[in-house]
Amino acid sequence: MIRLDDIIIQAKNVNFYYGSFKALIDVTIDFEKNKVTALIGPSGCGKSTLLRLLNRMNDLIDGTRVEGEVIFEGANIYASNVDPVDVRRRIGMVFQKPNPFPKSIFNNITYGPKLSGISRKTDLEALVERSLIQASLWNEVKDILSQSAMMLSGGQQQRLCIARALAMKPDVLLMDEPTSALDPISTAKIEELIEELKKNYTIIIVTHNMQQAARVSDYTGFFYLGKLIEYNQTDRLFTTPDVKQTEDYITGRFG
Amino acid sequence: MSRALKEKIIKNVLFLFALVSIIVLALIIIFLFMEGVPIFGVVSLKGFLFGTEWYPTYDPPEFGIWPLIVGSIVVTFFSALIAVPLGVLSAIYIAELAPPLVKEIFKPVIELLAGLPSVVLGFFGMAILAPWLQQTFDLPTGLNILNASLILALMAIPTISSIAEDALYSVPQEFKEASYALGATPFETVTKVVVPAALSGISTAVILGMARAIGETMVVLMVAGGAAAIPESIFDSVRPMPASIAAEMGEAPFRSDHYHALFATGIVLFFMTLGFNLFADYISHKFKEVGSATL
């Protein structure tokens, strides 16, 4: 359904284990460039595990194991010669709970770029402005860049985290339930932002909120018990799903 | 008996116990001042603190504790030079970088070090370190500042290490994840995110470790050498305040000037450790209130 040229990242026959527990079972899925793909399913279905697999964040958990391949721009990111640090610089991530560093707003955004070697003050300043504008936070914070990020509201903190991820100029942005800790107004702002960002970025978002998946995404994957049950265009999956289980879930019969 | 009454009795009994500990402590402090203050009828406060002659048994006696204060400060300073890097770095290693197996061994071993009686450490300093220092550096005595600093550092390391480790553990996992997701290595994450976020706790650890070193008596009594003179090199002997009190109290006649002078030395020591503790408390609260400050 996705043209081969448009695939930016794909998981191929991926199995994933936490110790002896198999959290993902033979998952194969393609993600299209400059689109928003939503991953939905009940708690514990493996959707967050898959997301964290795409930038090797699961490496940080002891006792986990991956089988299969994740191909990003033609190469397997789990190949032995790949440094996970390089992967994470290209594939950014926004977490469930806003997690700005206890540093100033400015230093939050420049944290990643500085590590990757940008040190000229004017470059950093330009990057901060650009990232905050992209995350539609610039007007609210442009006068308080040197203040602690901890004093922003939850919604502002989350947009700061998005700006921080964007400052790395990633190709793909992973979002793990980015609005689940936010109020409806902040949620609406983030959803608008996602709409805006997909012009330049590929976004993969895990959400518990099916309306959110329907509103923001182009493709949706439904997971259940570690398996990808159905993967389809969003409007199709939510109106005429191919699989009975999907229909049961989106109509609220389980989950 | 009704449940409410029972609760009330328990509450009051516990209050009584808490009160007893506080009253006892207060009485000790009052006693310390009552026995110490009379010396200021013999010597002025300035003469006592900054006088450079400590000859309490001469005729006429001299009660200047400046050499003792310098002795305490010098020994504490050099032990800090050794203990702070070792304590903090070992905490960072154990909390953030060590593989689980190494952590399981290192953590209890360092905590065990805290359980070593100070007299045993002092004995080690006297019987092994002192002769070695004397021979290696060709000194008149191995009981000197360097020896005392080394042994005091050994005592302060477990305190610093375990408190700093707690501070590092309490840095939220979310900060580390955010750092890794931005392409930081484990080392960069530790130095640029975890340690800054734990800085107030680490400072507290350092200060409490130093407070422990400055008040420590047995070690300095055994290995500092006991010379009540202002030192000129780290191979000189000194007589820190606690050592002076412990060594002389037995010989000072009851309620004599010498006796009062030793209590007054105790007051000075009390204020120094109190200062350390208040400072530690201030640092650990300062950053907490703003939900971690701007770094």
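Colleague: How many residues of chain B are in contact with chain A, and with how many residues there?
Modeller: Happy to walk you through it, and do keep in mind that this is a predicted model. Contact here means heavy atoms within 4.5 Å. By that cut-off, the chain B side has 24 residues, and they touch 28 residues of chain A.

Colleague: What area do chain B and chain A bury between them, and which residues of chain B lose the most?
Modeller: The two chains bury about 2,000 Å² between them, with 64% of it on carbon and sulfur atoms. On the chain B side, 29% of the buried area comes from three residues together, the ones that lose the most area to chain A. They are B:Glu177, B:Ala181 and B:Leu182.

Colleague: Which helix of chain B gives the most to the side that touches chain A?
Modeller: Let's start with the polar side of things: the count between the chains is five residue pairs in polar contact. Two helices of chain B, helix 7 (173-181) and helix 8 (186-197), each supply at least two residues of the side that touches chain A. The one that gives the most, with seven residues, is helix 7.

Colleague: How many salt bridges are there between chain B and chain A?
Modeller: One of them joins the side chains of B:Glu174 and A:Lys97, at 3.7 Å from N to O. That distance passes because a salt bridge needs the nitrogen within 4 Å of the carboxyl oxygen. The count between chain B and chain A is two salt bridges.

Colleague: Good to know! B:Arg255 and B:Glu35 meet in a salt bridge, so how many residues apart are they?
Modeller: Their side chains meet at 2.6 Å, N to O. B:Arg255 sits in the loop between helix 11 (241-248) and helix 12 (257-289) of chain B, while B:Glu35 belongs to helix 1 (residues 3-36). The pair links distant parts of the chain, 220 residues apart.

Colleague: Is B:Glu35 buried or exposed?
Modeller: Buried means under 20% relative accessible area. B:Glu35 has 2% relative accessibility, so B:Glu35 counts as buried.

Colleague: Where does the salt bridge partner of B:Glu111 lie?
Modeller: B:Glu111 forms a salt bridge with B:Lys107, the closest N and O atoms being 3.6 Å apart. The two are four residues apart, about one turn of the helix. Both lie in helix 4 (residues 100-114) of chain B.

Key. Residues numbered from 1 in each chain as written. Chains lettered and ligands numbered in written order. Predicted model: local features only at pLDDT ≥ 70, side-chain atom pairs only at ≥ 80, totals over all residues. Heavy atoms only, no water. Buried area = accessible area lost by both parts, 1.4 Å probe. Polar contact = N/O pair within 3.5 Å; in protein donor to acceptor, adjacent residues only side chain to side chain. Buried < 20%, exposed > 50% of the residue type's maximum accessible area, 1.4 Å probe, protein only.
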